[in-house]
Every structure is written in C-alpha cells, then in structure tokens.
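Visitor: I have a model open and want to learn how to read it. Where do we start?

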Amino acid sequence: MAEFDENDLKRILKNLSDSKQLAFILLLCERMMPAFSKFSEDTKFDMSCYRKSVDIAWAYLAENTNLEQCEQISEACCECVPDTEEFDHALTSAALNAAL
C-alpha cells in the first residue's frame with residue numbers, strides 16, 4: 001500500500017477542472033453532513049444555512065446556474081459557526097469541522 005503524500009494529493013486536485021474540484025469539495029461536505037445533522041438535531045443548532053449552501057452548489061454544478069446567493073449564504077454560514085465553548089456534545093468538533 002502506498003504511503004499518503006499530501007503534496008501529491010494537492011497536485012492531483014489542482015489539475016482537476018473547476019467543476020471537478022467543486023464536486024470533490026461537495027462530496028466531502030456531504031460526507032460530514034450526517035454528524036452535523038445529528039449534532040443539530042440533538043442540540044437544536046440551526047444548520048439550515050449550511051444545507052442550503054451545499055444544495056446551491058450542487059444546483060450550480062448540475063445546471064451551471066448563477067451563484068448570486070452564494071455570498072449571502074456564505075456570510076450567514078460564517079456568522080453562525082457552532083461555538084465549541086457553548087456546546088458540550090460529542091459531535092461538537094465534527095459540527096465545527098463541517099461548518100468551516
């Protein structure tokens with residue numbers, strides 16, 4: 001088994017087209033969503049802006065639509081990042097990672 005090489009991964013990802021880079025990022029986001037959703041459900045944290053941002057990006061990728069809403073939703077996401085000092089939940093760090 002080959003050893004992980006961060007620089008090699010960066011090079012490979014950099015060579016992907018913009019749409020493929022976005023798809024890769026969205027897949028990573030989707031992979032983090034179940035833990036974020038569980039955190040949200042258990043703590044009543046409103047993660048709707050995060051789900052909406054991922055949905056907007058998928059729609060853009062599928063339909064090549066305008067991303068006008070992105071700046072607004074991005075600002076909303078940045079303003080409501082889960083505070084690790086505020087929550088005492090096993091998935092707080094996972095939620096923070098997903099939010100960021």
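Guide: Start with one residue. Ala-95 has 0% relative accessibility, so Ala-95 counts as buried. Keep in mind that this is a predicted model.

Visitor: Which helix holds Ala-95?

Guide: Ala-95 sits in helix H5, residues 92-99.

Visitor: What does Ala-95 touch, apart from its neighbours within four places in sequence?

Guide: With those neighbours left aside, Ala-95 is in contact with Phe-36, Phe-39 and Pro-82. Take Phe-36. In sequence, Ala-95 and Phe-36 are 59 residues apart. In space, their C-alpha atoms are 4.6 Å apart.

Visitor: Now Thr-92. Is Thr-92 buried or exposed?

Guide: Its relative accessible area is 5%, so Thr-92 is buried. Thr-92 also belongs to helix H5. Not counting residues up to four places away in sequence, Thr-92 touches Phe-39, Thr-84 and Phe-87.

Visitor: Next, helix packing. How do I read a pair of helices?

Guide: Two packed helices are described by the angle between their axes and the distance between the axes. Here, look at helix H2, residues 18-43, and helix H3, residues 48-63. They pack at an angle of about 150°. Their axes are 10 Å apart.

Visitor: What does that angle say about the directions of H2 and H3?

Guide: Angles over 145 degrees count as roughly antiparallel. H2 and H3 are therefore roughly antiparallel to each other. The crossing of H2 past H3 is left-handed.

Visitor: Which residues of H2 and H3 meet?

Guide: On the H2 side they are Ser-19, Leu-22, Ala-23, Leu-26, Leu-27, Cys-29, Glu-30, Met-33 and Phe-36. On the H3 side they are Tyr-50, Arg-51, Val-54, Ala-57, Trp-58, Tyr-60 and Leu-61. The residues of this contact divide into 13 nonpolar, one polar and two charged.

Visitor: Let us turn to charge. How many salt bridges does the structure hold?

Guide: First the general idea. Side chains of opposite charge can pair when their charged atoms come close. This structure holds five salt bridges.

Visitor: Which residue pairs with Glu-30, and at what N to O distance?

Guide: Arg-51 does, and the salt bridge has an N to O distance of 2.7 Å. This pair links distant parts of the chain. Glu-30 is in helix H2 and Arg-51 is in helix H3, 21 residues apart. Glu-30 is partly exposed, because its relative accessibility is 27%. Arg-51 is partly exposed too, with relative accessibility of 27%. Salt bridges with shared partners join Glu-30, Arg-51 and Asp-55 into one network.

Visitor: Which residue does Arg-11 meet in a salt bridge?

Guide: Asp-8, at 2.4 Å from N to O. Arg-11 and Asp-8 are three residues apart in helix H1, so about one helical turn separates them. Arg-11 counts as partly exposed, at 47% relative accessibility. Asp-8 counts as partly exposed as well, at 30%.

Conventions:
Residues are numbered from 1 along each chain as its sequence is written. This is a predicted model: local features need pLDDT of at least 70, side-chain atom pairs count only at pLDDT 80 or more; totals for chains, interfaces and linings use all residues. Side-chain values use heavy atoms; hydrogens and water are left out. Axes are lines fitted to C-alpha atoms, for helices over the stretch in contact, and angles run from 0 to 180 degrees between N-to-C directions. Helices (H or I, at least four residues) and strands (E, at least two) are DSSP runs, numbered from the N terminus. Angles under 35 degrees count as roughly parallel, over 145 as roughly antiparallel, 65 to 115 as roughly perpendicular and the rest as oblique. A crossing is left-handed if the near helix is turned anticlockwise from the far one by less than a right angle, and right-handed if clockwise. Contact means heavy atoms within 4.5 Å. Ala, Val, Leu, Ile, Met, Phe, Trp, Tyr, Cys and Pro count as nonpolar, Asp, Glu, Lys and Arg as charged, and the others, Gly among them, as polar. Buried means under 20% relative accessible area, exposed over 50%, partly exposed in between (1.4 Å probe, protein chains only). A salt bridge is a side-chain nitrogen of Lys or Arg within 4 Å of a carboxyl oxygen of Asp or Glu.
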